[in-house]
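Please look through the sequence and the model shown here before reading on.

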Amino acid sequence: MAHLSLKGINKIYPNGFHAVHDFDLEIEQGEFICLVGPSGCGKSTTLRMIAGLENISKGDFLINGVRANEMSPREREIAMVFQSYALYPHMSVYDNLAFGLTLQGVDDDVIEEKVTNIAKILGLTDYLDRKPRALSGGQRQRVAVGRAIIRKVGVFLMDEPLSNLDAKQRVTMRSEITDIHRKVGSTTIYVTHDQTEAMTMADRIVVMKDGYIQQVGTPYELYFNPVNMFVAGFIGEPPMNFVRSEVGGGNISVLGSEVDISHIVSDESVKHYEGKPVALGFRPEGITLGRVENSYVFEAEVELTELLGDNTNVYVTAGGNNLILKVDPHDTPRLDDKITFSVPYKNVYLFDGESELVIERK
């Protein structure tokens, strides 16, 4: 296991493009960290700098307190699993797993023991004689993971390793990678654009946008305490609903109703934002159909419904805004129905309309 420190890490390419800005993060031994964000946000570039595949333009990267900026990938004792499986097609599963150890000059009997143990952990014992082309996508990905963990390095880096799998295989591999991490215990950094993967696997999540860290926290912290509108909208499926307005007389006009924001923020915040733009946010599942006490109540018209089994996504319009509500499938309204829904005060977020930072709740 390894402790990693990234202090003021920047990546600036020769053409002047600034891909990563002042990336600061402490990663504890054995921690599972997910880097998430939209395409082009800098997460894979950050991972490649940690691996030594990209030079660090500015800042310090330390492994167990030792500066590693100039270390080669081999010296960093890091194993990486790429989006593509990168298996040797002419080699058997056994030889693919053993390849790194063979290069290190490890004795054959030791290699056999390690390969046997890893194959057992990954459920590959019956496939050791097969070539990669005879395996399913999930099995090939397990071989790629096995080839990384067999080396017993201190850090595992994974760059969207499940993106080539179908939905069912991704669910299976998520649990398998999490289980492998518990058994092996190595520090793991996992890059994905899929917030569901991050929420279900990570100890902590790093949300990135345009090369900047937006927020670092546990899945719970990011979901229930987002620091800005980007994080609130990125984490959660379907995403949070946002309605923009302006404070006037302590109220904001949203969804055809006057909302008294003193129910959710302090009197000082109400005064501070008088005459200023704000955005009200609430999650699709944070509503109740009908009228409920200690809630904001809105009227809406149903445009579309999606029955998903355990819940129904209801697409509505209210006050000229398009919203998504998540309801019990047994309470699914019909198309063109006029409905009333309530959002409890505790489920409402208020954001600064200019900075898009969250306004602290009561």
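## A pair of strands and their sheet

Strand 11 and strand 14, the latter covering residues 277–282, pair in the antiparallel sense over 6 bridges, where strands are DSSP runs of E at least two residues long and helices are runs of H or I at least four residues long, both numbered from the N terminus. Two strands are said to pair if DSSP finds at least two bridges between them. Within this pairing, N241 stands opposite F282 of strand 14. Strands of a sheet pair through backbone hydrogen bonds, in either a parallel or an antiparallel way.

The two strands belong to an open sheet of 3 strands, which has the order 11-14-20 and antiparallel pairing. Its edge strands are strand 11 (241–246) and strand 20 (348–352), each of which pairs on one side only. From one strand to the next, the twist averages 25°, with axes taken as lines fitted to C-alpha atoms (for helices, over the stretch in contact) and angles running from 0 to 180 degrees between N-to-C directions.

## How the model is read

This is a predicted model, in which local features need a pLDDT of at least 70 and side-chain atom pairs count only at pLDDT 80 or more, while totals for chains, interfaces and linings use all residues. Residues are numbered from 1 along each chain as its sequence is written, and side-chain values use heavy atoms, with hydrogens and water left out.

## The whole protein

The protein has 9 helices and 20 strands, and its C-alpha trace spans about 75 × 45 × 35 Å along the principal axes. Of its 362 residues, 50% count as buried, a word that here means under 20% relative accessible area, with exposed meaning over 50% and partly exposed lying in between (1.4 Å probe, protein chains only). Among contacts between residues at least 6 apart in sequence, 67% join residues at least 24 apart, a contact being heavy atoms within 4.5 Å.

## Cores and cysteines

A nonpolar core is a set of buried Ala, Val, Leu, Ile, Met, Phe, Trp, Tyr and Cys residues joined through side-chain atoms within 4.5 Å. The largest one holds 45 residues, of which C34, I177, Y190, I205 and V207 touch the most other members. Leaving aside residues up to four places away in sequence, V207 touches several residues, including V36, Y212, L222 and F230. A second, separate core of 32 residues includes L255, I287, V316 and V348.

A search of the whole structure finds 0 disulfides, a disulfide being a pair of cysteine sulfur atoms within 2.5 Å. C34 is in no disulfide, and the nearest cysteine sulfur, that of C41, is 13 Å away. C34 is buried, with a relative accessible area of 0%, and C41 is buried as well, at 2%.

Helix 1, residues 43–51, is mostly covered, with 7 of its 9 residues buried; among them are T46, L47 and I50. The helix is followed by G52, whose phi is positive, near 90°.

S295 lies in strand 16 (residues 295–307) and counts as buried at 10% relative accessibility. Not counting residues up to four places away in sequence, S295 touches S342, V343, P344 and Y345. The side chain of S295 reaches the backbone oxygen of V292 at 3.4 Å, and the backbone oxygen of E293 lies 3.1 Å from a polar atom of that side chain.

Key. Polar contact = N/O pair within 3.5 Å; in protein donor to acceptor, adjacent residues only side chain to side chain.
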